[in-house]
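Here is a quick walk through a two-chain model, taken a piece at a time. Have the viewer open and follow along.

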Protein chains: 2
Amino acid sequence: MQKIVIIGAGAGGMAVASRAKRLNNKLSVTVLEKTNYASFALCGIPYYIGNVVKELDDLLFYPPEEFTKRGIDLRFNKEVTEVDAENKTLKFKDLKSGKEETLEWDKLVIATGARSKADKIWPEIKDAKNVFYITHLDSGEIIRNYALKLGRGKKAVIIGSGYVGLELIENLANLGLKVTVIEALNQILPKMLDPDLASIVEDYLKSKEVEIIKNSPVESFEINNNEAVKVKTANGSFDGDMFIIGVGIEPNNDIAKQLKLKLGSSGGIIVNEKLLTSNPDVYAVGDVTEHLDLITEKFVWRPFAQIANKMGYIAGSNIGGLEAVFRGSVGTSALKTFDMVAAKTGLSKSEAEKLGYKVMEASLNAGIRADYIPGGENKIYLKVVSDDKRGRLLGAQAIGPGDSVFWRINLIASLLTVKGTIWDLFNSDIGYQPTLSPAWDPLIIASRLLMRNLGEKPL
Amino acid sequence: MQKIVIIGAGAGGMAVASRAKRLNNKLSVTVLEKTNYASFALCGIPYYIGNVVKELDDLLFYPPEEFTKRGIDLRFNKEVTEVDAENKTLKFKDLKSGKEETLEWDKLVIATGARSKADKIWPEIKDAKNVFYITHLDSGEIIRNYALKLGRGKKAVIIGSGYVGLELIENLANLGLKVTVIEALNQILPKMLDPDLASIVEDYLKSKEVEIIKNSPVESFEINNNEAVKVKTANGSFDGDMFIIGVGIEPNNDIAKQLKLKLGSSGGIIVNEKLLTSNPDVYAVGDVTEHLDLITEKFVWRPFAQIANKMGYIAGSNIGGLEAVFRGSVGTSALKTFDMVAAKTGLSKSEAEKLGYKVMEASLNAGIRADYIPGGENKIYLKVVSDDKRGRLLGAQAIGPGDSVFWRINLIASLLTVKGTIWDLFNSDIGYQPTLSPAWDPLIIASRLLMRNLGEKPL
């Protein structure tokens with residue numbers, strides 16, 4: 001009986017387990033998980049903190065019993081301490097009893113996810129009971145309880161204005177806290193939006209009484225009696241009643257290093273289309289890996305749940321005996337803060353230029369419904385970037401209300417995945433219904449603006 | 001000075017005029033329009049009838065002055081009576097004065113749209129003042145006024161359960177009318193949805209107190225004193241206070257026939273990628289044309305506004321001196337009735353089978369947001385159809401709430417446009433944000449179900 005051992009029971013790891021076992025019921029599948037939870041959705045934690053999601057268990061895709069039913073040996077509170085690639089064994093420790101055991105494996109899957117670097121960067125926060133970061137499901141419980149205990153009118157300081165930071169705002173505000181966001185750079189959402197779009201989101205957040213402090217890299221925390229009272233930045237100190245760090249994660253790669261697997265520049269494990277690492281008996285999936293970017297054909301680290309899920313599914317297929325391929329990703333991310341959605345796929349103009357592309361960009365503020373249909377916010381800001389030689393699409397970003405932003409970016413993501421061009425976008429037969437879209441969709445208008453530069457006829 | 005004459009000032013015709021004139025200001029561009037309106041959105045008429053749109057002028061993309069400003073000679077109430085292809089002239093009549101004139105042209109553009117066959121099929125309705133169909137912007141005014149005059153509680157009968165019919169329901173109900181829909185076939189939306197999905201929409205409409213009569217092809221109308229009082233069907237008679245016909249349109253091809261242009265089986269003018277007809281000096285755009293279906297590579301008639309707009313833009317580019325291409329369409333349509341959206345792109349399973357494809361289908365009812373996010377309808381019905389040999393996507397249909405249906409279908413439409421496969425769909429890097437999508441999007445789940453049939457690895 002072939003022995004599959006999976007380290008880490010997040011969405012990716014459990015997808016491997018379920019898929020492999022389903023395809024080949026004769027496999028012995030064991031999952032070793034450090035925490036008490038399996039198959040969890042970290043992306044839901046802000047909504048648990050904000051009490052939108054009532055129970056922590058609601059964030060589990062499946063209850064643990066489901067995996068037992070599927071014949072998967074899922075073990076909680078087990079930390080892997082040592083892996084022997086030569087003899088194909090590993091040692092793990094029970095975190096409650098401290099007992100160590102050894103396990104044999106034929107195929108190993110590393111699904112150890114990401115971890116925070118926060119307490120390496122700022123060692124003083126280690127013992128501060130009011131400084132938090134999200135790494136496990138438990139973090140949600142702890143942060144929510146602390147925020148509820150503080151009570152209304154107290155001040156929460158979020159370090160970092162990435163998507164984690166911005167999704168926390170609304171949820172902390174929901175609990176009645178005043179929210180300050182501290183960003184090291186000169187704009188919010190620096191990895192997602194160009195400065196002009198970011199400043200629109202910033203103004204929107206300010207209109208919701210969120211305080212935004214830019215240009216302020218965090219230097220240290222001032223701790224009093226095991227409580228942080230201030231965060232010191234290059235640009236002044238800011239006090240708060242609780243602090244949540246939304247920056248500084250890295251691949252959780254200790255085991256990969258022990259196995260001397262090939263790592264990328266982020267420290268993520270390099271995997272191929274089958275999700276194999278540089279060791280042909282070791283797979284890796286999810287936030288611990290680097291995979292191929294389909295635009296640049298370089299390896300990238302993208303700790304996103306939907307990617308982890310797909311990787312898990314494909315690794316599980318390969319382990320279960322059905323050859324399958326995960327091509328890579330193009331880097332699609334989306335966030336919602338209050339009623340505003342921001343989303344991005346592929347490269348921004350400046351990112352593309354840095355990579356050596358000759359770039360053109362269409363930038364517009366255009367209607368998402370027929371003009372004559374009343375009701376609600378009717379415009380999005382959209383930018384579409386393409387190569388200036390062949391019209392190949394390179395990326396897009398948008399801000400505006402809800403689904404209308406998210407799905408337009410997804411549609412571009414889909415064309416990026418197949419290396420589509422601006423002419424593919426123009427010819428994309430997007431439907432028209434006055435309450436759902438204008439006769440000239442912003443996406444098609446963008447393609448027209450780009451086509452104009454190259455002459456209308458496909459090269 | 002080259003003389004461009006465009007017959008018909010709908011969205012398509014005016015797109016040609018604007019684009020050509022913009023690219024080459026030296027062109028003489030004349031548009032002859034039978035009605036009083038230019039650049040109108042017929043798709044908005046249901047919303048004008050329902051008083052959602054207050055003014056008829058709101059349905060104009062641009063006011064007529066805008067075109068004059070652009071240097072376009074736009075003439076209203078002009079009906080073209082005869083075209084001489086040999087001498088490149090045409091005769092037209094002023095519908096008010098009856099005066100006839102002759103005009104020379106170097107390039108002719110036919111943008112005459114579609115017309116109703118209703119009074120050919122049921123000649124008795126010609127003089128009935130309470131039987132309507134939508135062909136011009138005026139129809140909206142006439143229908144709304146009649147409905148308002150009738151008043152609340154009176155009964156409107158809609159003939160046909162296509163998208164026009166279904167979008168009228170909500171709007172007539174808005175005016176307080178009781179609505180009955182009569183459909184010839186054994187399901188509603190026969191061209192858009194499979195019977196199982198159609199029956200869900202039917203139940204939904206019944207829950208809104210809409211009466212749906214199926215299996216009832218209309219045979220005739222009983223007229224009393226210039227008023228229809230009953231519609232007689234193969235399956236019984238149904239009375240009403242007003243009747244709106246939402247079926248039976250055809251390309252308005254009189255001029256095309258006169259010019260002996262090549263027509264397709266619908267009567268639509270066959271156009272090539274440049275929007276040229278079989279006469280190299282005559283272009284045609286919009287609802288009067290047949291164009292290439294990108295899936296079947298057959299000519300099809302698709303009288304949709306977004307297609308007319310694109311055709312107009314591309315024809316205008318070519319006329320203006322910039323070579324450009326309209327590849328064709330894949331047949332994307334969408335409708336909204338009350339809070340339910342139905343959309344389709346490409347082929348249904350049965351349509352594909354009739355065309356000789358070996359087909360597989362994924363059919364699912366799946367969440368459109370993370371399960372744990374509360375609020376509103378959270379599921380859509382989705383079907384995705386692909387070829388059973390190479391996994392090429394062939395079509396999709398969906399029903400459910402709002403944007404979430406529309407954009408998922410648009411994303412598939414976009415992949416159909418580039419001849420994408422089920423593996424392209426799986427690898428499409430759709431973003432994940434718990435309030436906007438689940439970690440496993442219904443589209444990706446559908447791709448998995450389809451991949452399962454072919455083995456996971458791309459063929």
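## A parallel pair in chain A

In chain A, strand E10 (residues 155-159) and E11(A) run parallel and are joined by 5 bridges. Strand E11 (residues 178-182) of chain A is mostly covered, with 4 of its 5 residues buried.

Bear in mind that this is a predicted model.

## How chain A is divided

Zooming out, chain A splits into domain 1 (3-41 + 59-113 + 250-320), domain 2 (118-247) and domain 3 (342-454). Between the C-alpha centres of domain 1 of chain A and domain 2 of chain A there are 31 Å.

## The antiparallel sheet of chain A

Chain A also has an open sheet of 5 strands, with antiparallel pairing and the order E22-E23-E26-E25-E24. Its edges are strand E22 (333-337) and strand E24 (359-367) of chain A, each of which pairs on one side only. From one strand to the next, the twist averages 10°.

Look at the E24(A) end: this strand pairs with strand E25 (residues 379-387) of chain A in the antiparallel sense, over 9 bridges. There, Gly367(A) stands opposite Lys379(A) in E25(A). Helix H13 (residues 442-454) of chain A packs on the sheet and touches E24 and E25 of chain A, its direction making about 145° with that of E24(A).

## The parallel sheet of chain B

Over in chain B, 5 strands form an open sheet with parallel pairing, in the order E3-E2-E1-E7-E19. Strand E3 (73-75) and strand E19 (282-284) of chain B are the edge strands, each pairing on one side only. Here the twist averages 15° from one strand to the next.

E1(B) and strand E7 (residues 107-110) of chain B run parallel and are joined by 4 bridges.

Gly10(B) sits in the loop between strand E1 (3-7) and helix H1 (11-23) of chain B. Is Gly10(B) buried or exposed? It counts as buried, because it has 31 C-beta neighbours inside 10 Å. Leaving out residues up to four places away in sequence, Gly10(B) touches Phe40(B), Ala111(B), Gly113(B), Gly286(B) and Ala308(B). As for Asp119(B), it is 109 residues from Gly10(B) in sequence and 22 Å away in space, C-alpha to C-alpha.

## Where the two chains meet

Now for the interface: 65 residues of chain B are in contact with 65 residues of chain A. On the chain B side, the elements giving two or more residues are helix H9 (305-320), strand E22 (333-337), strand E23 (340-346), helix H11 (402-417) and helix H12 (422-427) of chain B. The largest share, 11 residues, comes from H11(B). By class, this side has 36 nonpolar, 19 polar and 10 charged residues.

The same surface serves both copies, as 100% of the contact residues of chain B recur in chain A.

Note on methods: Residues numbered from 1 in each chain as written. Chains lettered and ligands numbered in written order. Predicted model: local features only at pLDDT ≥ 70, side-chain atom pairs only at ≥ 80, totals over all residues. Domains from an automatic or database assignment. Contact = placed C-beta atoms within 7 Å. Nonpolar A, V, L, I, M, F, W, Y, C, P; charged D, E, K, R; others polar. Buried ≥ 20, exposed ≤ 12 C-beta atoms within 10 Å, placed from the backbone. Pairing = 2+ DSSP bridges. Axes fitted to C-alpha atoms, helices over the stretch in contact; angles between N-to-C directions.
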